[in-house]
Amino acid sequence: MNKPLHVLAGILFMGAFSVSAQQEEKPVQELELELEAEYRYFFKDAQFTGQLDHYPSIAIRPDYAIEWNKGYESINFTGFLRVDRDDERTHWDIRELYYQKAKSNWELSVGLKKVYWGVAESNHLVDIINQTDAVETFDGEEKLGQPMVQYSYITSKIGTFDFFYLPFNRKRTFTGDKGRLRFGTVINQDDIDYESGAKEWRQDIAVRWKHYFGVFDVGLSHFYGTGREPLFIFDPVGNIESFYPVINQTGIDVQITHDAFLWKLESIYRNADTQDFVALVAGLEYTFSNINGNGLDIGLLGEYLYDERDELSLNALQNDVFFGSRLAFNDIQDTSILIGGVADLESSSKIFSLEASRRFGSNWRAEIEARVFTDIDDVELILSNFREDSFLRFTLSRFF
């Protein structure tokens with residue numbers, strides 16, 4: 001796995017220099033380690049040769065932070081390692097390792113970092129800074145650390161401005177020969193090329209503005225550089241040509257909070273030499289709070305998803321509706337359940353999901369995830385590869 005080592009060296013140098021300059025103040029350190037045992041079971045026989053049904057694995061996530069100068073300067077580290085039966089899912093990553101300096105109205109971060117944008121539940125269209133770790137989760141929620149310089153200018157009157165310099169592009173990870181949730185042709189991430197002659201070292205930039213106006217929370221963003229999503233072109237005999245295009249992507253995200261309602265919108269326009277398209281997700285969430293006075297909150301969710309690429313959309317969400325419910329028990333065990341489904345408005349394809357988690361004591365957490373693919377239509381170029389991949393995932397984590 002390639003790493004821009006000069007960025008990491010720069011972080012450590014600046015951190016060591018700053019700590020030595022602040023010797024009169026004792027730094028504050030915090031260390032946490034999470035050990036996870038995971039088991040994934042796929043209900044149906046494999047669609048492609050070499051795939052398995054049972055996937056036990058273990059993962060380690062260390063977190064370390066040190067801060068000084070009254071908390072205005074810090075170094076933050078999050079690591080990750082997984083060992084799995086699928087060789088490609090056995091991988092390690094530095095999720096975050098960055099130096100941060102803050103003042104009254106600005107912040108500067110240098111290093112590998114994760115940045116999240118967006119408000120929707122079912123699809124995070126505007127979230128483009130970090131590359132997806134596609135072997136970790138089906139829903140694309142897990143991200144790789146992105147080398148960056150981030151400068152944030154914060155005002156109360158006109159909002160917050162975030163500027164990003166992104167010197168290195170990280171390739172998306174894909175399931176290997178033994179893994180599920182893959183194409184019929186196994187994709188080797190190293191075989192995916194770049195449109196740019198600078199390849200992974202193309203210098204990318206991004207900017208985002210966010211502010212609130214009464215009940216409105218608004219974000220506007222623009223990204224120019226190598227896209228995080230590879231472009232796949234399928235020929236008539238099933239071969240796949242793929243590369244990372246250079247793109248311009250403009251995005252907007254809006255959330256309106258009114259009484260128990262949350263109204264949400266994300267939309268993007270992406271322009272490239274090989275592909276232009278518009279995509280959006282819009283919907284609402286209504287929450288019944290503190291039912292019967294026992295602290296239970298029940299949220300009802302509904303969203304509409306559109307992608308102009310139609311079946312070529314890599315996330316397979318091109319003209320669909322999402323429906324679901326979120327249960328938050330607000331107990332000391334932090335018990336929560338999210339159930340939902342996605343239905344295609346142009347075909348019979350449906351995906352149902354369940355996510356639940358609960359803490360036990362102060363050091364243990366259990367999670368359950370289920371994804372069920374039903375009536376997947378043959379016209380779904382992406383999703384048809386996963387029609388036999390309904391699964392149940394159970395994880396048990398211990399925190400130190």
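Predicted model: local features only at pLDDT ≥ 70, side-chain atom pairs only at ≥ 80, totals over all residues.
Asp389 and Arg180 join their side chains in a salt bridge, with N and O 2.8 Å apart; the term is used for a side-chain nitrogen of Lys or Arg within 4 Å of a carboxyl oxygen of Asp or Glu. Asp389 belongs to the loop between E20 and strand E21 (391-399), while Arg180 belongs to the loop between strand E7 (160-166) and strand E8 (193-194), so this pair ties together parts that are 209 residues apart in sequence. Strands (E, at least two residues) and helices (H or I, at least four) are DSSP runs numbered from the N terminus. Both Asp389 and Arg180 are buried, where buried stands for under 20% relative accessible area, exposed for over 50% and partly exposed for values in between (1.4 Å probe, protein chains only).

Residues are numbered from 1 along each chain as its sequence is written, and side-chain values use heavy atoms, leaving out hydrogens and water.

Across the whole structure, the search finds 36 salt bridges. Side chains of opposite charge can pair when their charged atoms come close. One of these salt bridges links the side chains of Glu34 and Arg365 (3.2 Å, N to O). Glu34 sits in strand E1 (residues 28-42) and Arg365 in strand E20 (residues 364-374), so parts that are 331 residues apart in sequence are tied together by the pair. Glu34 is buried, its relative accessible area being 10%. Another salt bridge joins Asp93 to Arg95, with the closest N and O atoms 2.8 Å apart, and both Asp93 and Arg95 are buried.

Beyond its neighbours within four places in sequence, Ile129 is in contact (heavy atoms within 4.5 Å) with Val115, Trp117, Gln146, Met148, Phe164, Leu166, Ala206 and Arg228.

Leu296 lies in strand E16 and is buried, with a relative accessible area of 16%. Residues up to four places away in sequence aside, Leu296 touches Phe288, Ser289, Asn290, Ile291, Ala328 and Phe329.

One cavity of 30 Å³ or more is found in the whole structure; a cavity is a set of points on a 1 Å grid over the protein atoms alone where a 1.4 Å probe fits but cannot get out, and lining residues have an atom within 4 Å of a point. The largest cavity has a volume of about 50 Å³, volume being the space filled by probe spheres set on the grid points, which are joined across faces, edges and corners. Ten residues line this cavity, and Asp320, Val342, Ser349, Ile351 and Leu383 are the closest to its centre. Strand E18 (336-344) and strand E19 (350-360) are the elements that give two or more residues to the lining, with the largest share, three residues, coming from E18.

Note on methods:
1 Å grid on protein atoms, 1.4 Å probe; cavity = no way out; pocket = protein on both sides within 12 Å on 5 of 7 lines; lining within 4 Å.
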